[in-house]
Amino acid sequence: MSNRKIKALMSKIGLDGHDRGIRVVVSFLRDAGVEVVYIGRFQTPGSIVNTALQEDVDVIGISSLTGEYTALLPELMDNLKKNKIGDIPVVVGGIIPPKDIEFLRRLGVSEVFPAGSPVRKIVEHMISAGGEYQSKNAAYGPRGLPDFLPPLFQG
Amino acid sequence: MANKTDNVEEGFLAKPARLKTWSNIEVEESYAPEDIRDQDYENNIGAPGRFPYTRGIFSKMYRGKLWTQRQQMGWGLPENANEQFKILIGQGATGLAWYRDLPTTLGLDPDHPLAHGSVGRVGVSFCCLEDMEKAMDGLPLDKISMALINASTTNVAILAAYVAAAEKRGFDLADLRGTLTNDPVFSYFCHSAEVNPLDFALKVVGDVIEYCSNNMPLWSTMYVSCFYNLRESGELTAPQEVAWGFAVAMEFIRAALSRGTDIDSFAPRASAFCQAGIDIFEEAAKFRAMRRMWAKMMRDKFKAKDSRSLQLKIAAQSTGSQLVGAQPLNNVIRVAYQLLGAVLGGAQSITCDTYLEPFCVPTPESSRLALGTHQILAHETSIPAVADPLGGSYYVEKLTDIIQAEAEKILDQIEEMGGFVAAIKNGFIQKELDRGVVDFQKEIENGERVVVGINKFAYPDEEDVIPGGLSEIPQDEIEIEAIKRVKSLRRNRNNNLVVNALNNLKEKAGKGENLLPAAIEAVKASATLEEIMNTTRAALGYSRDPFNMRDEVPPFK
């Protein structure tokens, strides 16, 4: 079982510029010992998936405050599947009215945190979901390749 | 199992959660004459309408004219927006704040790759003259105060389109009243640095001030949005809001002055767009401190001669981040307190958010209630009858001094770094913004700061009712239609005319001339928003597309 830190990819999606919430979550995640790759604004489903692959992350956090998740999350989930990382947990936070929480869950999103959710809870969930994903993929990397390096060298 | 009635004694004996202001300024049990004994009324406070305008920029204040009840609406296609504006005017709004969707705000046509999912969602989608005409159809542009909210650099195209549409309807530009977001620092942080490179943005600031000084005297061109928006972005304190806003304003003033523009030609129409927060007395004191600081800065630092240059016009909006998603009706009360603070503080224009702010754009029902908030205060109470009713309060006069002193300290610190732009470049601003939001969240999570419905007095989700429902925006249909329209426009217009107009714009931009006249011509030739922005950017040495996703807008591939 890999002992490396949980690695989280945090990203905005689409043109939404509100980044105050995601910056808070990034800070709390880092305080909790999570390695965070924060790619900021103006990301597309494509760019998010590319970064997730390149950085070999365990969990993805998306912030959406102006509703574009309705168009872009389905694309993101699709893209993840196409790239064989469809079971990476995706967590969505932001301005999400109650009926959309159901919509996102049905897409396969791991958890939804509407604005006002305690950040502590978001961090706990991401660590637990990311840890689960990491251990499931410990023997085989996310793309199905065996992980040859002995634990000592995994950093 | 605890008996529910056990809580009663605890509630009965409860003490207030906060013994500090929202900005963490400690407050005493009570205040008395000796707390303000050293204050100099004649020279340092002044009567309403008298230097240094602490008590208000007009002697009659709201007796002369009520604050502008500026409400916001606008989503979807231009004709949807037109309908919504007419609803607002019908409800009694005296000002409109017109929000564009994100693609439009950032200067992108609806078919730009990054626009997907955003078209028409949080504002109106617009990209050409025809769109602007549809949106403004039938509106009395000379009677209603219009606020155009968008990224600073896109003012080139948006203001051009507004002017072109108004001219076509036969309005005299000199009769148009309104304002636009002419604040590149705000845009840099809150919209995108890619769309608002600071130098480009500062040039547009200068061009807009110059153009409007010459053609649209009733337009407020120096509209510093940073007070509200940076505070929102960083959960800043009231003194920080004041200091940072002033620091940004000083950058603009210096930019305009360095072009040889006379201070008194634009300062009279300068306005500060600020937060209207829930901590009533702190907010009122904040506005009073701002007016006094502005008057002295204009007179002593920038040598303004016109007394109107010394009178800071204040526009305020309900602080959105103070509104909560749980138990949304509570937001009606929060907004009422926010409005009260701004009115007691003497603001000239105020926007009340709807209780749906944490969820979606305003619905007609929630908008009506927001307007009612204004109307009740304005007409059922006698509050507007007296200028600066808090003047003379030992507490508020003391708090005004405290906020000013703290703000001046911060402002000096920023000036020592070389000004606000320098403070951005050396990382100070981003660090403070990050620190502010993290500290604030920690205060909430450890219970130090109470938010009703979130960390205290919370109810289970099932008991939460959202009265009136949410905005139902058929965004996917809107996007499809908007894309169809822009593609059809590009096919059917006279592309030779467009090419000529864009070449003209490119030439004028390259020569460093004012961008507005050539942009207006390009709009009239049916160039789109993105085409105008791309041409301008390229002429000034930037990438055509701020996001480097498409080099040429079709059909110019």
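The model described here is predicted. Strand β4(A) spans residues 90-94 and is mostly covered, with five of its five residues buried.

This strand has a parallel partner in β3 (residues 59-64) of chain A, to which five bridges join β4(A). Within this pairing, A:Val90 of β4(A) is the bridge partner of A:Ile60. From β3(A) the chain passes through helix α3 (residues 69-82) of chain A to reach β4(A), in a right-handed β-α-β crossover.

Strand β5 (residues 111-114) of chain A also pairs with β4(A) in the parallel sense, over four bridges. Here A:Glu111 in β5(A) is the bridge partner of A:Val91. A right-handed β-α-β unit is made by β4(A), helix α4 (residues 98-107) of chain A and β5(A).

Attention now turns to the contact between the chains. There, 25 residues of chain A are in contact with 30 residues of chain B. On the side of chain B that touches chain A, α4 (102-105), α17 (428-445) and α18 (475-492) of chain B each supply at least two residues. The largest share, five residues, comes from α17(B). By type, the residues on this side of chain B comprise 17 nonpolar, nine polar and four charged.

Helix α17 of chain B contains B:Val438, which touches A:Val24 and A:Ser27. B:Val438 counts as buried because it has 21 C-beta neighbours inside 10 Å.

Methods
Residues are numbered from 1 along each chain as its sequence is written. Chains are lettered from A and ligands numbered from 1 in the order in which they are written. This is a predicted model: local features need pLDDT of at least 70, side-chain atom pairs count only at pLDDT 80 or more; totals for chains, interfaces and linings use all residues. Two residues are in contact if their C-beta atoms, placed from the backbone, lie within 7 Å. Ala, Val, Leu, Ile, Met, Phe, Trp, Tyr, Cys and Pro count as nonpolar, Asp, Glu, Lys and Arg as charged, and the others, Gly among them, as polar. A residue is buried if 20 or more other C-beta atoms lie within 10 Å of its own, exposed if 12 or fewer, and partly exposed in between; C-beta atoms are placed from the backbone. Two strands pair if DSSP finds at least two bridges between them. A crossover is right-handed if, with the strands pointing away from the viewer, the path from the first strand over the helix to the second runs clockwise. Lists of a residue's contacts leave out its neighbours within four places in sequence.
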